[in-house]
Amino acid sequence: LGSCHAIELPFVFGGVGGEGLEQFVGTGPDVAQLSEQTMDCWLAFARGGDPSHAGLPGGRWPSYDRDRRTTLRLGREVSFENAPQDAQREVWDGLL
């Protein structure tokens, strides 16, 4: 399903083991790890308005900058990427 609408919710709220969700989010240690990573970011943001925490590279999520568009990539490896899929995003420029 890729990153379909609301797919993040079981990860954000630690519900990846819920009945029937395996077809959407998968199963196993990678899924549990992704949920932990996601919850850590959301909890840090809820507590202090900044998603930065010790589990991120450098412990810090850079502030948004319109030129860099730094995006956090969660998965087996956690990393930051500047302006991912910028070509696809630029298609919308001038249309909205």
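Of the contacts in the protein with a separation of 6 or more, 23% join residues 24 or more positions apart; a contact here means heavy atoms within 4.5 Å. The model is predicted, so local features need pLDDT of at least 70 and side-chain atom pairs count only at pLDDT 80 or more, whereas totals for chains, interfaces and linings use all residues. Residues are numbered from 1 along each chain as its sequence is written, and side-chain values use heavy atoms, with hydrogens and water left out.

**The whole chain**

Please begin with the C-alpha trace, which spans about 45 × 30 × 25 Å along its principal axes. Next, display the secondary structure: the protein has four helices and two strands, in the order α-α-α-β-β-α from the N terminus. Helices (H or I, at least four residues) and strands (E, at least two) are DSSP runs, numbered from the N terminus.

The protein exposes about 7000 Å², of which carbon and sulfur atoms supply 54%; accessible areas come from the Shrake-Rupley method with a 1.4 Å probe, and for residues only the protein chains shown count as cover. Of the 96 residues, 22% are buried. Buried means under 20% relative accessible area, exposed over 50%, and partly exposed in between (1.4 Å probe, protein chains only).

**The core**

Select Ile-7, Phe-11, Val-16, Val-25 and Val-31, the five residues of the largest nonpolar core. Such a core is a set of buried Ala, Val, Leu, Ile, Met, Phe, Trp, Tyr and Cys residues joined through side-chain atoms within 4.5 Å. In soluble globular proteins, nonpolar side chains tend to be buried together. Now centre on Ile-7: leaving aside its neighbours within four places in sequence, Ile-7 is in contact with Gly-2, Phe-24 and Val-25.

**The cysteines**

The structure holds zero disulfides, a disulfide being a pair of cysteine sulfur atoms within 2.5 Å. Select Cys-4, whose nearest cysteine sulfur, that of Cys-41, is 20 Å away. Cys-4 is partly exposed, with a relative accessible area of 28%, while Cys-41 is buried at 5% relative accessibility.

**The surface patch**

Finally, select Val-91, Trp-92 and Leu-95, which make a nonpolar surface patch of about 360 Å². Patches are made of residues with over 30% relative accessible area and no salt bridge, with like charges joined within 9 Å and nonpolar side chains (Val, Leu, Ile, Met, Phe, Trp, Tyr) within 5 Å; a salt bridge is a side-chain nitrogen of Lys or Arg within 4 Å of a carboxyl oxygen of Asp or Glu. Leu-95 lies in the segment after helix H4 (86-90) and is exposed, with a relative accessible area of 60%.
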